[in-house]
Amino acid sequence: AVAEDDATRLVFTVTRSAGLDKALPVAVTASGSARLAGTPKVTLPVGAASATIAVRTRPDARPEADETLVLGLAPGAGYTVAEPAQATVILVDDDLP
């Protein structure tokens, strides 16, 4: 869990175990109660076994319930998704009523 107003940079790592000879775009899904400006994207470059997805929290001054952000990987061409296929972060509201 992270405080929502910390403008924290959340980093999610995607790893592959084979096929390093070509770039691999991976389908990312986003869900949960937290809002994102768009769906994150990631491509593992040629020769790279992993790549990261960075999401930054956006501060606000509204008292609200804690929110969740769930990033997942969807099956796609050229790869299969292993477990764990998603990661969840809780954004703790730190605004007083």
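Reply: Start with a definition: two strands count as paired if DSSP finds at least two bridges between them. Keep in mind that this is a predicted model.

Me: In which sense do β1 and β7 pair, and over how many bridges?

Reply: In general, strands of a sheet pair through backbone hydrogen bonds, either parallel or antiparallel. Here β1 and β7 pair in the parallel sense, over two bridges.

Me: What is the order of the strands in the open sheet?

Reply: The sheet has five strands, in the order β1-β7-β6-β3-β4, and the pairing is mixed. The edges are taken by β1 (2-3) and β4; each has a single partner strand, so one side of each is left without a neighbour in the sheet.

Me: What is V42 in contact with, leaving aside its neighbours within four places in sequence?

Reply: V42 is in contact with V14, L24, P25, V26, V28, A51, T52 and I53.

Me: Now the pockets. How much space lies in the largest pocket?

Reply: In general, rolling a probe the size of a water molecule over the atoms shows where empty space is left. The largest pocket holds about 600 Å³ of space. It is lined by 29 residues, and the closest to its centre are V14, T15, R16, L73 and T80. The elements giving two or more residues to this lining are β2, β3, β6 and β7, and β2 gives the most, with four. By class, the lining divides into 18 nonpolar, eight polar and three charged residues.

Me: Which residues are the closest to the centre of the second largest pocket?

Reply: They are R35, L36, R56, T57 and R58, out of 20 lining residues. This pocket has about 390 Å³ of space. β5 and β6 each supply at least two residues of its lining, with β5 giving the most, at three. The classes here are 10 nonpolar, two polar and eight charged.

Methods:
Residues numbered from 1 in each chain as written. Predicted model: local features only at pLDDT ≥ 70, side-chain atom pairs only at ≥ 80, totals over all residues. Heavy atoms only, no water. Contact = heavy atoms within 4.5 Å. 1 Å grid on protein atoms, 1.4 Å probe; cavity = no way out; pocket = protein on both sides within 12 Å on 5 of 7 lines; lining within 4 Å. Points joined across faces, edges and corners; volume = space filled by probe spheres on them. Nonpolar A, V, L, I, M, F, W, Y, C, P; charged D, E, K, R; others polar.
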